[in-house]
Amino acid sequence: MEPCVVEALLCPHCGLEYIVPQPGANSVVCVEGHSFDVARQGYLNLLTGHGTKFLPDTAAMVNARDAFLDAGHYQGLSDALARQVEAALPPTETALLVDAGTGTGYYLQQVLGFLGARSNEAVAGPEHRDSRRVDAVGLDISKFALRRAARRNPRAANIVWDLWRALPLGANTADVVLVIFAPRNASEFARILKPGGSLIVVTPLPAHLAEIAKIAGLLAIQEEKEAALVHSMASHFSLVSSHEVLCPLELSPADVGNVALMGPAGHHLDPVALGQQLAQLPELTAATAAFRISVFAPTSQA
Ligand SMILES: C[S@@+](CC[C@H](N)C(=O)[O-])C[C@H]1O[C@@H](n2cnc3c(N)ncnc32)[C@H](O)[C@@H]1O
Ligand SMILES: [Zn+2]
(Lines give C-alpha, C1' and ligand atoms only; values in the text may rest on other atoms or scores of the structure.)
(Ligands and ions follow the chains in the order given, each with its own letter.)
Protein backbone atom coordinates (compact mmCIF):
# COMPACT_ATOMS: atom_id res chain seq x y z
CA MET A 1 0.00 0.00 0.00
CA GLU A 2 1.32 3.41 -0.98
CA PRO A 3 1.51 5.70 2.10
CA CYS A 4 -0.01 8.58 0.10
CA VAL A 5 -3.27 6.66 -0.49
CA VAL A 6 -3.77 6.78 3.27
CA GLU A 7 -4.28 10.56 3.03
CA ALA A 8 -7.73 9.97 1.51
CA LEU A 9 -8.85 7.49 4.20
CA LEU A 10 -10.81 8.15 7.36
CA CYS A 11 -10.92 6.26 10.65
CA PRO A 12 -14.22 4.34 11.09
CA HIS A 13 -14.18 5.04 14.86
CA CYS A 14 -13.72 8.81 14.99
CA GLY A 15 -14.05 9.88 11.33
CA LEU A 16 -10.66 11.62 11.44
CA GLU A 17 -7.68 11.15 9.18
CA TYR A 18 -4.67 8.86 9.63
CA ILE A 19 -1.07 9.70 10.30
CA VAL A 20 0.67 8.94 7.00
CA PRO A 21 2.53 5.65 7.65
CA GLN A 22 6.10 4.80 6.76
CA PRO A 23 6.45 2.73 3.56
CA GLY A 24 5.92 -0.94 4.41
CA ALA A 25 4.29 -0.17 7.80
CA ASN A 26 2.09 -2.98 9.05
CA SER A 27 -0.56 -0.79 10.63
CA VAL A 28 -2.25 2.57 10.17
CA VAL A 29 -3.03 4.84 13.11
CA CYS A 30 -5.49 7.74 13.09
CA VAL A 31 -4.81 11.09 14.72
CA GLU A 32 -6.85 9.95 17.75
CA GLY A 33 -4.68 6.83 18.11
CA HIS A 34 -7.08 4.20 16.71
CA SER A 35 -4.91 1.56 15.12
CA PHE A 36 -5.69 -0.93 12.32
CA ASP A 37 -3.40 -3.73 11.22
CA VAL A 38 -2.48 -4.47 7.66
CA ALA A 39 -3.03 -8.24 7.33
CA ARG A 40 -0.08 -10.46 6.45
CA GLN A 41 -1.76 -10.90 3.05
CA GLY A 42 -1.62 -7.15 2.41
CA TYR A 43 -5.19 -5.93 2.93
CA LEU A 44 -6.40 -3.50 5.56
CA ASN A 45 -9.43 -4.42 7.66
CA LEU A 46 -11.27 -1.27 8.74
CA LEU A 47 -14.62 -3.00 9.20
CA THR A 48 -15.71 -2.80 12.81
CA GLY A 49 -18.62 -4.95 14.02
CA HIS A 50 -20.64 -6.89 11.49
CA GLY A 51 -21.16 -5.96 7.87
CA THR A 52 -24.49 -6.41 6.05
CA LYS A 53 -25.63 -10.01 5.85
CA PHE A 54 -23.67 -11.35 2.96
CA LEU A 55 -23.01 -14.80 1.56
CA PRO A 56 -19.30 -14.76 0.72
CA ASP A 57 -18.06 -16.37 -2.45
CA THR A 58 -16.52 -19.76 -1.73
CA ALA A 59 -12.88 -20.52 -2.48
CA ALA A 60 -14.04 -22.53 -5.51
CA MET A 61 -16.00 -19.53 -6.83
CA VAL A 62 -13.08 -17.13 -6.37
CA ASN A 63 -10.68 -19.61 -8.02
CA ALA A 64 -13.07 -20.03 -10.96
CA ARG A 65 -13.36 -16.24 -11.41
CA ASP A 66 -9.61 -15.76 -11.33
CA ALA A 67 -9.00 -18.58 -13.81
CA PHE A 68 -11.69 -17.32 -16.20
CA LEU A 69 -10.62 -13.67 -16.07
CA ASP A 70 -6.91 -14.50 -16.29
CA ALA A 71 -7.63 -16.44 -19.49
CA GLY A 72 -8.48 -13.02 -20.99
CA HIS A 73 -12.09 -13.78 -21.98
CA TYR A 74 -13.25 -10.36 -20.75
CA GLN A 75 -10.26 -8.43 -22.05
CA GLY A 76 -12.61 -6.51 -24.35
CA LEU A 77 -14.45 -5.22 -21.30
CA SER A 78 -11.33 -4.33 -19.34
CA ASP A 79 -9.89 -2.46 -22.36
CA ALA A 80 -13.11 -0.49 -22.88
CA LEU A 81 -13.29 0.26 -19.18
CA ALA A 82 -9.68 1.43 -19.05
CA ARG A 83 -10.34 3.86 -21.92
CA GLN A 84 -13.37 5.25 -20.07
CA VAL A 85 -11.32 5.72 -16.89
CA GLU A 86 -8.54 7.42 -18.83
CA ALA A 87 -11.05 9.81 -20.39
CA ALA A 88 -12.62 10.54 -17.00
CA LEU A 89 -9.40 11.24 -15.08
CA PRO A 90 -8.36 14.88 -14.74
CA PRO A 91 -5.00 15.97 -16.20
CA THR A 92 -3.57 16.45 -12.70
CA GLU A 93 -0.30 15.05 -11.34
CA THR A 94 -2.10 12.74 -8.95
CA ALA A 95 -5.54 11.21 -9.10
CA LEU A 96 -7.50 8.77 -6.96
CA LEU A 97 -9.44 5.82 -8.36
CA VAL A 98 -11.78 3.89 -6.05
CA ASP A 99 -12.92 0.40 -7.07
CA ALA A 100 -16.06 -0.37 -5.06
CA GLY A 101 -16.53 -4.15 -4.75
CA THR A 102 -13.07 -4.81 -6.21
CA GLY A 103 -13.34 -8.60 -5.76
CA THR A 104 -10.04 -10.19 -6.71
CA GLY A 105 -8.88 -6.88 -8.21
CA TYR A 106 -8.70 -8.10 -11.82
CA TYR A 107 -10.31 -5.06 -13.48
CA LEU A 108 -8.45 -2.59 -11.27
CA GLN A 109 -5.19 -4.31 -12.23
CA GLN A 110 -6.05 -4.09 -15.92
CA VAL A 111 -7.07 -0.43 -15.67
CA LEU A 112 -3.95 0.57 -13.71
CA GLY A 113 -1.76 -1.38 -16.15
CA PHE A 114 -3.34 0.43 -19.10
CA LEU A 115 -2.99 3.86 -17.48
CA GLY A 116 0.64 3.19 -16.55
CA ALA A 117 1.47 2.11 -20.10
CA ARG A 118 -0.32 5.13 -21.59
CA SER A 119 1.38 7.65 -19.35
CA ASN A 120 4.75 6.18 -20.31
CA GLU A 121 3.85 6.42 -24.01
CA ALA A 122 2.61 9.97 -23.71
CA VAL A 123 5.66 11.59 -22.15
CA ALA A 124 8.62 12.98 -24.02
CA GLY A 125 11.38 10.88 -22.54
CA PRO A 126 12.36 8.47 -19.81
CA GLU A 127 13.12 11.30 -17.38
CA HIS A 128 9.38 12.06 -17.27
CA ARG A 129 8.25 8.51 -16.67
CA ASP A 130 5.81 7.96 -13.84
CA SER A 131 5.43 11.73 -13.45
CA ARG A 132 1.68 11.12 -13.18
CA ARG A 133 0.46 9.03 -10.28
CA VAL A 134 -2.90 7.29 -10.07
CA ASP A 135 -3.54 6.06 -6.52
CA ALA A 136 -6.12 3.35 -6.01
CA VAL A 137 -8.41 2.09 -3.27
CA GLY A 138 -10.18 -1.27 -3.58
CA LEU A 139 -13.11 -1.88 -1.23
CA ASP A 140 -14.72 -5.27 -0.67
CA ILE A 141 -16.45 -7.09 2.15
CA SER A 142 -14.73 -10.40 1.35
CA LYS A 143 -11.32 -10.91 2.97
CA PHE A 144 -10.80 -13.93 0.80
CA ALA A 145 -11.20 -11.91 -2.41
CA LEU A 146 -9.05 -9.09 -1.00
CA ARG A 147 -6.12 -11.43 -0.43
CA ARG A 148 -6.07 -11.92 -4.18
CA ALA A 149 -6.64 -8.22 -4.81
CA ALA A 150 -3.69 -7.30 -2.58
CA ARG A 151 -1.48 -9.62 -4.63
CA ARG A 152 -2.70 -8.18 -7.92
CA ASN A 153 -2.62 -4.53 -6.81
CA PRO A 154 0.01 -4.26 -4.07
CA ARG A 155 0.24 -0.46 -4.35
CA ALA A 156 -3.49 0.04 -3.87
CA ALA A 157 -5.15 0.23 -0.46
CA ASN A 158 -7.26 -2.96 -0.43
CA ILE A 159 -9.74 -2.44 2.35
CA VAL A 160 -12.31 -4.73 3.98
CA TRP A 161 -15.43 -2.61 4.06
CA ASP A 162 -19.19 -2.83 3.70
CA LEU A 163 -20.32 -0.64 0.81
CA TRP A 164 -23.67 -0.07 2.50
CA ARG A 165 -21.97 1.85 5.32
CA ALA A 166 -20.51 5.35 5.17
CA LEU A 167 -17.31 4.81 3.18
CA PRO A 168 -13.98 5.23 5.00
CA LEU A 169 -12.89 7.99 2.62
CA GLY A 170 -13.03 11.75 2.96
CA ALA A 171 -15.50 13.94 1.05
CA ASN A 172 -14.26 15.10 -2.37
CA THR A 173 -11.27 12.75 -2.45
CA ALA A 174 -11.95 10.48 -5.46
CA ASP A 175 -11.65 11.38 -9.13
CA VAL A 176 -13.29 8.19 -10.39
CA VAL A 177 -15.37 5.53 -8.63
CA LEU A 178 -15.69 2.21 -10.45
CA VAL A 179 -18.49 -0.25 -9.66
CA ILE A 180 -18.23 -3.49 -11.59
CA PHE A 181 -21.08 -5.94 -10.81
CA ALA A 182 -21.09 -4.74 -7.20
CA PRO A 183 -23.43 -2.87 -4.80
CA ARG A 184 -24.06 0.81 -5.55
CA ASN A 185 -24.31 3.25 -2.66
CA ALA A 186 -25.20 6.39 -4.63
CA SER A 187 -25.10 8.91 -1.76
CA GLU A 188 -21.71 7.73 -0.53
CA PHE A 189 -20.22 7.63 -4.01
CA ALA A 190 -21.44 11.20 -4.52
CA ARG A 191 -19.92 12.29 -1.20
CA ILE A 192 -16.44 10.90 -1.89
CA LEU A 193 -16.28 12.08 -5.52
CA LYS A 194 -14.66 15.42 -6.27
CA PRO A 195 -16.78 17.96 -8.15
CA GLY A 196 -16.27 17.01 -11.79
CA GLY A 197 -15.53 13.39 -10.83
CA SER A 198 -17.09 10.35 -12.52
CA LEU A 199 -18.89 7.23 -11.42
CA ILE A 200 -18.41 4.37 -13.88
CA VAL A 201 -20.80 1.43 -13.52
CA VAL A 202 -20.55 -1.91 -15.34
CA THR A 203 -23.63 -4.12 -15.53
CA PRO A 204 -24.41 -7.24 -17.57
CA LEU A 205 -26.89 -6.86 -20.41
CA PRO A 206 -29.83 -9.26 -20.62
CA ALA A 207 -28.11 -10.99 -23.56
CA HIS A 208 -25.00 -11.72 -21.47
CA LEU A 209 -23.92 -15.32 -22.19
CA ALA A 210 -27.48 -16.16 -23.21
CA GLU A 211 -26.20 -19.04 -25.34
CA ILE A 212 -24.93 -20.95 -22.35
CA ALA A 213 -27.39 -19.72 -19.74
CA LYS A 214 -29.56 -22.73 -20.45
CA ILE A 215 -26.87 -25.23 -19.57
CA ALA A 216 -28.25 -26.44 -16.24
CA GLY A 217 -29.37 -22.92 -15.33
CA LEU A 218 -25.69 -22.09 -14.97
CA LEU A 219 -26.10 -18.38 -14.79
CA ALA A 220 -28.37 -16.33 -12.64
CA ILE A 221 -27.98 -13.04 -14.50
CA GLN A 222 -30.04 -10.32 -12.98
CA GLU A 223 -31.48 -8.33 -15.80
CA GLU A 224 -31.29 -4.65 -15.12
CA LYS A 225 -32.74 -2.28 -17.64
CA GLU A 226 -30.77 0.89 -18.20
CA ALA A 227 -33.73 3.03 -17.14
CA ALA A 228 -33.81 1.18 -13.79
CA LEU A 229 -30.09 1.78 -13.28
CA VAL A 230 -30.41 5.49 -14.07
CA HIS A 231 -33.44 5.74 -11.79
CA SER A 232 -31.60 4.02 -8.91
CA MET A 233 -28.80 6.62 -9.13
CA ALA A 234 -30.99 9.64 -9.88
CA SER A 235 -30.93 11.11 -6.37
CA HIS A 236 -27.23 11.92 -6.76
CA PHE A 237 -26.13 11.27 -10.35
CA SER A 238 -27.09 11.95 -13.92
CA LEU A 239 -26.11 9.71 -16.82
CA VAL A 240 -23.40 11.19 -19.04
CA SER A 241 -22.85 8.35 -21.48
CA SER A 242 -23.44 4.68 -21.85
CA HIS A 243 -22.30 2.08 -24.27
CA GLU A 244 -22.49 -1.63 -24.80
CA VAL A 245 -19.46 -3.91 -24.99
CA LEU A 246 -19.86 -7.27 -26.70
CA CYS A 247 -17.14 -9.93 -26.38
CA PRO A 248 -17.51 -12.93 -28.71
CA LEU A 249 -16.18 -16.01 -26.91
CA GLU A 250 -15.20 -19.57 -27.77
CA LEU A 251 -15.37 -21.47 -24.51
CA SER A 252 -13.91 -24.86 -23.67
CA PRO A 253 -15.90 -27.07 -21.27
CA ALA A 254 -13.50 -25.97 -18.49
CA ASP A 255 -14.22 -22.31 -19.33
CA VAL A 256 -17.97 -22.97 -19.21
CA GLY A 257 -17.47 -24.63 -15.81
CA ASN A 258 -15.54 -21.61 -14.54
CA VAL A 259 -18.06 -19.07 -15.82
CA ALA A 260 -20.83 -21.07 -14.16
CA LEU A 261 -19.04 -21.33 -10.83
CA MET A 262 -17.86 -17.71 -10.68
CA GLY A 263 -21.38 -16.26 -10.73
CA PRO A 264 -24.11 -16.28 -8.11
CA ALA A 265 -25.22 -19.73 -9.27
CA GLY A 266 -21.85 -21.01 -7.97
CA HIS A 267 -23.33 -21.08 -4.47
CA HIS A 268 -25.70 -23.92 -5.26
CA LEU A 269 -24.28 -25.80 -8.24
CA ASP A 270 -23.84 -29.54 -7.75
CA PRO A 271 -20.27 -30.26 -8.93
CA VAL A 272 -21.12 -33.84 -10.02
CA ALA A 273 -24.11 -32.74 -12.12
CA LEU A 274 -22.05 -29.86 -13.53
CA GLY A 275 -19.23 -32.24 -14.45
CA GLN A 276 -21.69 -34.50 -16.28
CA GLN A 277 -23.07 -31.58 -18.24
CA LEU A 278 -19.66 -30.26 -19.15
CA ALA A 279 -18.72 -33.70 -20.45
CA GLN A 280 -21.55 -33.43 -23.02
CA LEU A 281 -20.29 -30.14 -24.43
CA PRO A 282 -18.41 -29.82 -27.73
CA GLU A 283 -14.75 -28.84 -27.74
CA LEU A 284 -15.75 -25.19 -28.05
CA THR A 285 -19.05 -23.45 -27.30
CA ALA A 286 -19.70 -20.06 -28.89
CA ALA A 287 -21.14 -17.40 -26.61
CA THR A 288 -21.26 -13.61 -26.34
CA ALA A 289 -20.53 -11.70 -23.17
CA ALA A 290 -22.59 -8.51 -23.18
CA PHE A 291 -22.00 -5.59 -20.82
CA ARG A 292 -22.99 -1.99 -20.43
CA ILE A 293 -20.58 0.70 -19.21
CA SER A 294 -22.50 3.69 -17.83
CA VAL A 295 -20.72 6.91 -16.87
CA PHE A 296 -22.44 9.17 -14.35
CA ALA A 297 -21.68 12.68 -13.07
CA PRO A 298 -22.64 13.75 -9.55
CA THR A 299 -25.53 16.19 -9.48
CA SER A 300 -25.14 17.11 -5.82
CA GLN A 301 -22.51 16.92 -3.13
CA ALA A 302 -23.72 15.20 0.03
C1 LIG B 1 -19.70 -10.23 -8.74
S2 LIG B 1 -18.37 -9.74 -7.67
C3 LIG B 1 -17.52 -8.54 -8.69
C4 LIG B 1 -16.10 -8.34 -8.27
C5 LIG B 1 -15.25 -7.47 -9.19
N6 LIG B 1 -15.76 -6.12 -9.31
C7 LIG B 1 -15.16 -8.13 -10.55
O8 LIG B 1 -15.91 -7.76 -11.44
O9 LIG B 1 -14.35 -9.05 -10.71
C10 LIG B 1 -19.19 -8.71 -6.45
C11 LIG B 1 -18.25 -8.28 -5.34
O12 LIG B 1 -18.98 -7.41 -4.46
C13 LIG B 1 -18.59 -7.73 -3.13
N14 LIG B 1 -19.67 -7.29 -2.23
C15 LIG B 1 -20.93 -7.75 -2.14
N16 LIG B 1 -21.62 -7.08 -1.19
C17 LIG B 1 -20.76 -6.16 -0.67
C18 LIG B 1 -20.87 -5.15 0.34
N19 LIG B 1 -22.01 -4.95 1.00
N20 LIG B 1 -19.79 -4.41 0.60
C21 LIG B 1 -18.62 -4.59 -0.07
N22 LIG B 1 -18.46 -5.51 -1.04
C23 LIG B 1 -19.51 -6.29 -1.34
C24 LIG B 1 -18.37 -9.22 -3.14
O25 LIG B 1 -17.53 -9.65 -2.08
C26 LIG B 1 -17.74 -9.44 -4.51
O27 LIG B 1 -16.33 -9.39 -4.46
ZN1 LIG C 1 -9.87 7.26 14.97
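Which residue has a polar backbone atom 3.2 Å from a nitrogen atom of ligand 1? The residue is I141, and the points below place this pair in its setting.

1. Basis of the note. This is a predicted model, in which local features need pLDDT of at least 70 and side-chain atom pairs count only at pLDDT 80 or more, while totals for chains, interfaces and linings use all residues. Residues are numbered from 1 along each chain as its sequence is written, chains are lettered from A and ligands numbered from 1 in the order in which they are written, and side-chain values use heavy atoms, with hydrogens and water left out.

2. An N or O atom in the side chain of D140 lies 2.6 Å from an oxygen atom of ligand 1, and an N or O atom in the side chain of D162 lies 2.9 Å from a nitrogen atom of the ligand. On its own, ligand 1 has 590 Å² of accessible area, of which the protein covers 88% (Shrake-Rupley method, 1.4 Å probe; for residues, only the protein chains shown count as cover).

3. The shell around ligand 1. There are 18 residues around the ligand, and G101, D140, D162, L163 and I180 come nearest (a residue is near if one of its heavy atoms lies within 4 Å). By class, the shell holds ten nonpolar, five polar and three charged residues. Here Ala, Val, Leu, Ile, Met, Phe, Trp, Tyr, Cys and Pro count as nonpolar, Asp, Glu, Lys and Arg as charged, and the others, Gly among them, as polar.

4. D135 in strand β5. Strand β5 spans residues 133–140 and contains D135 (helices, H or I, of at least four residues and strands, E, of at least two are DSSP runs numbered from the N terminus). D135 has a relative accessible area of 8% and is therefore buried (buried means under 20% relative accessible area, exposed over 50%, partly exposed in between; 1.4 Å probe, protein chains only). Its side chain makes a polar contact of 2.9 Å with the side chain of R133 (a pair of N or O atoms within 3.5 Å; within protein, one must be able to donate a hydrogen and the other to accept it, and residues adjacent in sequence count only if both atoms are side-chain atoms). Leaving aside residues up to four places away in sequence, D135 touches C4, V5, A95, L96 and L97 (contact means heavy atoms within 4.5 Å).

5. Helix α8. This helix, residues 253–262, is largely enclosed by the rest of the structure, because seven of its ten residues are buried. These are D255, V256, G257, N258, V259, A260 and M262. They pack against α1 (59–70), α6 (210–213), β9 (237–251) and α9 (271–279).

6. G33 sits in the loop between β1 (27–29) and β2 (35–37) and is partly exposed at 48% relative accessible area.

7. Positive phi values. N172, in the loop between β6 (157–160) and β7 (174–180), has phi near 55° although not a glycine. F181, in the loop between β7 and α5 (186–192), likewise is not a glycine and has a positive phi of about 50°. N172 is partly exposed at 40% relative accessibility, and F181 is partly exposed at 40%.
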